[in-house]
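Good morning, everyone, and thank you for making time for this. Please have the sequence and the structure open while I talk, and we will go from the whole chain to a few places within it.

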Amino acid sequence: MQGEFESDRAFLPKNMIENSMFEEDETEGIPIDDGMSDVAIGMRHTGATDDVLHDAQQHSVPSSPGLSRLPVYGLDLDELEEDEEDEDSSRRLLGTAFLYRMDDEPGAMRNSDLAEIRNARSGAGINSLPACTLRRAFAAVLLCALAVVVITVLAYKLPGPCNSGDDCQSTTLPSPTVSVRQNIDEFLWSNNRLPRFVQPKIYTLHLHPNITNETFSGQLKVTLTVIEQTSYIVFHGMGLNILSAALLAVDSSLPSSLLTNSVLQQHAVRSTEPLRAGHQYDLFLNFSGNFSHNLKGLYRSTTRNENGILKYLAVTQFEPTYARMVFPCFDEPAFKAKFSLSLVRENRHVALANMPLVKSEPLPGELTKDSFLTTVKMSSYLLAFAIGEFESISSKTNSGVNVSIFAVPGKAQHGKFALDEAVKALELYETAFSIAYPLQKLDLLAVPDFGAGAMENWGLVIFREIYLLLPPDNTNAFSIISVSRTVTHELAHQWFGNLVTMEWWNDLWLNEGFATLMEVIVTDALHSDWDLRSQNSLNNMLSAMKKDSLQNTHPISANVHNISKVEEMFDSLSYQKAAAVLGMLRFYLKVQPFDQGVKVYLKNNSYRNAEVEDLWRAISQSVDNMGDVTKMMDSWIYQPGFPLVTATLNGNEVHLHQDRFFLDHPEAPDTKSELWRIPLILLTSNNSLSDLEFHLMVNREDKLPIGEVTWFLLDEGDVGGFYLVNYDVANWNALQKQLMEDHTVFGSSQRAVLLHSAFVLAFSGILNYSVPLSLTQYLPAETSFVPWHSALRNLGVLNNLLEFYGAESHHLQDYILNISTPILNISFSWNSSEIVQQRMLQEYSFPLLCRYGSENATRKALSLYFNWKRHNASVPADVLATVYTEAVRSVPEAFDFLLSRYLNESSSSERYILLQALASTPNATQRQWLLRAALDEQMIKTQDLTTLIVTMAVTSPNGTLDAWDFMVQNWDFLVEKFGLGSHMLSLMVSSTTMSFSKPEHVAKMQHFFTMERRAEMRSAAAAVELVEINRKRIASIRQETATWLNSLEGHL
């Protein structure tokens, strides 16, 4: 699964919004041509302009459109309300139970029954029921009793799996005999994880989602094999109403009772007879439930067609533990089984699932039942389906796999680039792994509402629209790269995660770490001119190192005992750190032996679950004379944190020392027992990378011979290491001198990592800030994107801390503008035919130039805005976000104008850019209006709430405080929407707090997160730790920065 903001800003829109990360500048009027002389531009925004009121305060958040409440059998029968959806379709659903049964099925409700129930609702009680109703009630009781007897003689004639070549003529699953339900205080099982007494073999699942009413019903048969004799079967269910249950042996039913433990999200069927090991049983369940409103399980997504009519679609998201919200199941990765799925839909809709459609059967009420091919053996979280109005484009791989892009009407053509990427990537993966993609088709579905960036469901990969669809003819470079990387990431999962799945969520990194590594390798193979490999080390460091340098971190492979903690594993350590460690091992062992070991791992564990030892065993079989792979990698997988290597030149040797690195270095705990096996390459002024071999550092102290050199460098950039290196003062000075004289001696990734390491070490107090700031003095000669990205990102973090205090921030911004002057002309070309690296530098630098007070840049942005607004002139895609943002900051009426466009825009990518611009407003009233609007899904989609909060929080100090207040005041709402340990809520916590350093801010934050269950949230504990470090370090940071900047007086 690809998380939103999963990696660094270098790959928008997937990643952190760094072009909104820096503070607006305070204002001075500058006359502008083209009719803009009345517009104040080029101003430093310090937040003091918040008293300027625009028209936004006149807005009021409109109420949500009325949603239809059609009668659903078994639910309240309120009067019908008109809906924006087609009224005829609602009436077709009116006569259809959400638990669909044919008229002759047991329990089917007729129109006369409906009328009687309505009459009963107005009566005084049971005595007011018609006599016929009472007779039916007594008859129903007798029928249920009789059914228990009959079932011991007759086996259920249930539909089997729907395989290719079958006629699939069976109708909807019949209702099983109702078993006795008991409510007891003590459940049979007390563990969060299910017992291994039984193993599901195949699910035969029939579902009828009622999209209008947001309800569903289902009938399920699970064929089970008993592993160990037991008298009960424990399975998952969350928020489901299990209407009936029955347990059958080969030729008879077994009297049983149904028990529930809602805390553990578990049900148990207890049999009066023991279930014998080695035997097979069938579990039958009838159930119903409601759509969720938090983008989990089964939920409703909305879009508007070209006529503005609201349209609904049903979408699923089951990872990690949400299949249980839709049907009873063994919802853990190790319980792999096959799934035979059938769905009821409206005739005008299309149903998509993991497997190809086998048969469609007409049903009364203009409905259709679709049956799909039985899946391969897989985990429950990979099951998926979607129902709605879709269109598609398709292609085939060389091996004959049909690859399709599905989207809502009018958007499928925007998936042409993604389709081409998917076909090529699938072919590359099949060749690289020597294992064919096992399904007949691969659908990539773009939906308007999706919590994650994308989800790798086998055969039906679901994406948020902005990660799959590209607007034609005018797409920014970061979006192109983002779509390519997201597609290659999810396709890697078809092998890493789907074919071979981790045993339990503690080893999520076996899925996500490999997918993150492979997305870079394969995207680089498809687009070598993008130079993703040189960006990879920096991106992994930027994404994961700060989190991993805190005491509140966790190992890559961490114990997950509580199911509520599973979502917290979807973080930068399971993705970027794991990818970095795997990449480091790949370089150390050499690419070919490592890749061969991965092939063995995939082949040996296909359709099974794997653990860490399975991977190391497979790789060890493929390498010679490289030592113990398990012993080396255990230090990286099972230890939290990462090492700091201190390298000191002493005569003709480099002395090495390793310790665990903590961001709070002066108060670091004693970790003398922690050691890493670190592959090192020593680069000096007298050699080149091609001449060097790895040295494996295994002890706390080590030495390397070096000879007489001008400078030396332990290369972290090109070899993908996940560690920091600190040098003696003389070597830092020598490295800085070499950068000034000829920076090309170092590779672009080496320059980027060197800058990043120095800034991190300075923040921790190990280095004075004069060291990293001095290194940046060579940047006017730099033309590569990756070092600029590293420098501007770290300077931006420093600026965010200082801007709460004023003067130092202004001086720092002046310095940044001074060193950035040479890229001004580069940033103004905006030629989409230029190489992607150049476009990335333009797109990244232009907003920063505007925000740090460049008059030329701001004037250019506003000129583009007015030409677009007044003359419909096109705006280059790479700077569109900056143009909108600068207009919101400087043009009084721009907020209202762009807000209107946002509310009426159908393109997800355009809405994303517009929302970032709106969230960057310096006007307090406008910010408050946006935050109130965020509580209304019809105004701002749930999936986009994080974008709003993160952008506002990283834009200015006042935006940070407003976003923080909103999060605190609406905490319960946000927890309900996203979940306590969710990635999206964690992003809100970190973005709203990461720049706090003043005692009053720190105290309020600490108080809030120590209350109730908030302290259980790992990201909250990490955020509290970080701001406490900020508080302790801010005085030194201010003094060191000011001293260095003052030393440049007269030289800028």
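Before the first point I need one term: a nonpolar core is a set of buried Ala, Val, Leu, Ile, Met, Phe, Trp, Tyr and Cys residues that are joined through side-chain atoms within 4.5 Å. Please also keep in mind that what you see is a predicted model.

With that term in hand, the largest nonpolar core here has 321 residues, and the ones with the most contacts inside it are Phe-327 and Trp-616. If we take Phe-327 and leave aside its neighbours within four places in sequence, its contacts include Tyr-203, Leu-205, Leu-220 and His-236, and also Phe-287, Phe-339 and Leu-383.

For the chain as a whole, there are 1052 residues, of which 63% are buried, and the chain contains 29 helices and 31 strands. When we consider contacts between residues at least 6 apart in sequence, 72% of them join residues at least 24 apart. The accessible surface comes to about 38000 Å², and carbon and sulfur atoms account for 50% of it.

Let me turn to a pair of helices. Helix α16, residues 807–820, packs with helix α29, residues 1018–1046, at an angle of about 45 degrees, and their axes are 10 Å apart.

Another helix to look at is α21, residues 894–904, where the buried residues include Phe-895, Leu-898, Leu-899 and Tyr-902. The buried residues of α21 pack against α19, α20, α22 and α23.

Finally, here are some details of the backbone. Glu-319 and Pro-320 are joined by a cis peptide bond, with omega about 0 degrees, and Pro-320 lies in the loop between β11 and β12. Tyr-607, in the loop between α9 and β23, has a phi near 60 degrees, which is a positive value in a residue other than glycine.

Asn-872, in the loop between α19 and α20, likewise has a positive phi of about 60 degrees although it is not a glycine. How exposed is Asn-872? Its relative accessibility is 66%, and exposed means over 50%, so Asn-872 counts as exposed, whereas Tyr-607, at 30%, is partly exposed.

Technical notes. Residues are numbered from 1 along each chain as its sequence is written. This is a predicted model: local features need pLDDT of at least 70, side-chain atom pairs count only at pLDDT 80 or more; totals for chains, interfaces and linings use all residues. Side-chain values use heavy atoms; hydrogens and water are left out. Buried means under 20% relative accessible area, exposed over 50%, partly exposed in between (1.4 Å probe, protein chains only). Contact means heavy atoms within 4.5 Å. Helices (H or I, at least four residues) and strands (E, at least two) are DSSP runs, numbered from the N terminus. Accessible areas come from the Shrake-Rupley method with a 1.4 Å probe; for residues, only the protein chains shown count as cover. Axes are lines fitted to C-alpha atoms, for helices over the stretch in contact, and angles run from 0 to 180 degrees between N-to-C directions.
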